[in-house]
Each structure stands twice: as structure tokens, then as C-alpha cells.
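Me: I would like to learn how to read salt bridges in a protein model, slowly and with examples. Could we go through some together?

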Amino acid sequence: MTGAVLALNAGSSSFKFALATAEAPGTSLLWGVVDRLGTEEGVMSLKGQGGAATAPLAAPDHGSALAALLEAIETRCPGLRVTAVAHRIVHGGSAFTAPEPVTPALLEALEALVPLAPLHQPHGLRGIRTALELFPDAGHVACFDTAFHAGKPWVHDAYALPRRFYDEGIRRYGFHGLACASICRALGAEGYPLAERRIAIAHLGNGCSVTAVRHGRSVSNSMGFSALDGLAMGTRCGRIDPGVLLHLMRGGMDVATLEALLYRKSGLLGLSGLSNDMRDLARSGSVAAEEAIAYFIERTVEEICRAAGVMGGLDAVVFSGGIGENAADIRAAVMARLAFLPGAEGAGLEMLVRPADEEAELLRTAAGLGAAEQGHAAAR
């Protein structure tokens, strides 16, 4: 049987996978995604071996989505033996800044980080545990969204709290790191002068962030201790005065209710009262939907300007994510507001659109793990 590597990426509203042979991890045999997860409008899309196909799939959770995706793998790619699986994990905390082999001790440590990423961490861990059952003989590795931002300057890593809190791990971790890493890798492969450019990666989707990248490395990210901070998102509030939270708690709101408000009932959904999906808001035409879109654009412009300030200038904005890649009107509105920035050598701010291919980053890591596992087996 042919050895294969598998990438699993559990997002807040989607579940993606990619499959490749261990010898050619840069070329996916099969790619799939379940979108609008947890709703009756869920859809599974497949591309690659066996052709492209889209079908309704009302998957209530990430576990059922993974089961459907793995069934598609078995149907379309018989004769493959999965030797390594790489899993996207949103939060690695301060301890995990590089890919880590999956062990019981690692899973226990990552469980402790669930309160910091409640929309994502449980799904990623559930994906790992399900995949361990399905592929018990394969090597499994966890890859962290926070890792790309490790090593950024201390002033963009700390909060203005007593120093002991930083030492205890309360810091600005940053997220969407695998997406940023894939974009930087792609730009480098295209010959883009990444080392000479100051770029802001505006990753806009159900989750949103802006990352300042200089010399190909993260300098700051609009998210922080959790994936709540920064931009307005599909259901997350983004930047908010902590005094608002204190006020709500003094009024009797408990932690669980507050968490649900901030993570699941705010953002575009909360502002519009209609939907967390930008496509629905664009079609609506209601005043509340238009105001939600305007708010989204405003916060995006502000965060990109903050990134420019961090880097001492800005040469290019790279749009990625479902909104960033597909909503040309949103991109145009953001860039129009940024026209005052001179860009590289005064030639104007450059706009790039690049897909964030987290699965490609995962496949490369899985291929490396697979080679290492084979080496260990040969040595034994």
C-alpha cells in the first residue's frame, strides 16, 4: 500500500482536510471541507481525485464532519495507508512553540488551554482523539496557531499588568499563525521580496485578525491572550473596553453567560441581529446589516493602521480568509481608507490576495513526521 499523510484542520465553523502521498506532500490528492458547520445549511465540498463535488451535509458537530470526510477518503483514495497525521491546534500556550508529537501528556496540557480558546481547542482535541482511533498505527503531530507569533517583541507580547502575570502565562499569544506561515511561504516561493517588505496580513473570515509581518516574521497580531481580541468577527466581539465586562459582571452576569455572549452572540451576528455570515449580510440590505458591515470595515482599517505603526510603515496588505479572498467590495472599502499610506518607496500601498493554506503547512509537517517514524522503524 502507498503511504499517505493527512492534515486535519478544525475551525470554528468548518472542518477541512487534505491528503497527499508521503513522497509528494506538496501535491494534495484530495482536499475537502465541511462549511457552515453546526447548521442545517451545512455543505461538504471535495476536490481532487474523483473530481469536484458539493453536497448538503447537516453535520451537527466536528466529530460527525470528520466521520464524513474520512468516509470520502476511503471511497476516493482506496489503497492508501495513512502513516502520519498533522492536526491544527489553535492554542499552544507558552510551552509549545513548535510542532509536537501527540502523547497523553501533551493532550492533558492542551486540555488545560481550552478556556483560552473555547470555540476551537475542544474541536481540535476531539479531532486528534478520533483520528488516534481511526489511525492507531500512524504518527500524530500537533501544530499550533500560536507558534508563528512566538518570539515577537516583548512590548507586543505583554499586557500592562504586574509582571508576575506575564510570568504565569498571561500574554498576547496571537493566532492564525499557520495561515500566516502559509502565506509567507507562498510569497517567498513567488519571489516576492518578503524580507524587504512590511506587510499586514488581514485574515478575514468567521475568525479575523491582522498580523504585522516584517522580514518574514510576526511582529504583532491583533488577537491576544485569547482569540477574542482585535477585529469584529462572525460571532466574537473583538476589541472591547474591559470596563464593559466588569459592568456586566457587577450586574449579575456570570462567567458562563459572559463567555457565551463574547464568543457566540456578538460580532457580525450580534450587531446585525441576522447572521454571522458576511454573504447573508450583503444580501440582506437591512440597516442593521449595513451598519454591521461598516463596523467590520472600520475595525479592519484601524488594526491595519496599528500594524503600520508597529512596523514604522506599511508596504502591502495581504487579504486572506473567506471574506478577505471573496468579498471584493470589502477589500476595496478597506484599501480606499488606507490610500493615505505611501507604500514601498512612495509607490502606493500594494494589495495582494492569497489563500491561507494551513493544510499545506500541516502536510509538510506530517511528511516530516512520517519520514522520522520510518527512520525509527528501520533503526529498530
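Me: Is E190 buried or exposed, or partly exposed?

Reply: E190 is partly exposed, with a relative accessible area of 47%, where buried means under 20% relative accessible area, exposed over 50% and partly exposed in between, for a 1.4 Å probe and protein chains only. Please keep in mind that this is a predicted model, in which local features need pLDDT of at least 70, side-chain atom pairs count only at pLDDT 80 or more, and totals for chains, interfaces and linings use all residues. Residues are numbered from 1 along each chain as its sequence is written, and side-chain values use heavy atoms, with hydrogens and water left out.

Me: Which side chain meets that of E190 in a salt bridge?

Reply: Side chains of opposite charge can pair when their charged atoms come close. A salt bridge is a side-chain nitrogen of Lys or Arg within 4 Å of a carboxyl oxygen of Asp or Glu, and here E190 meets R354 at 2.9 Å, N to O. E190 lies in the loop between α5 (177-189) and β9 (198-204), and R354 in the loop between β13 (350-353) and α13 (358-379), so the pair ties together parts 164 residues apart in sequence. Such helices (H or I, at least four residues) and strands (E, at least two) are DSSP runs, numbered from the N terminus.

Me: Where do E302 and R299 lie?

Reply: Both lie in helix α10 (residues 287-311), three residues apart, about one turn of the helix.
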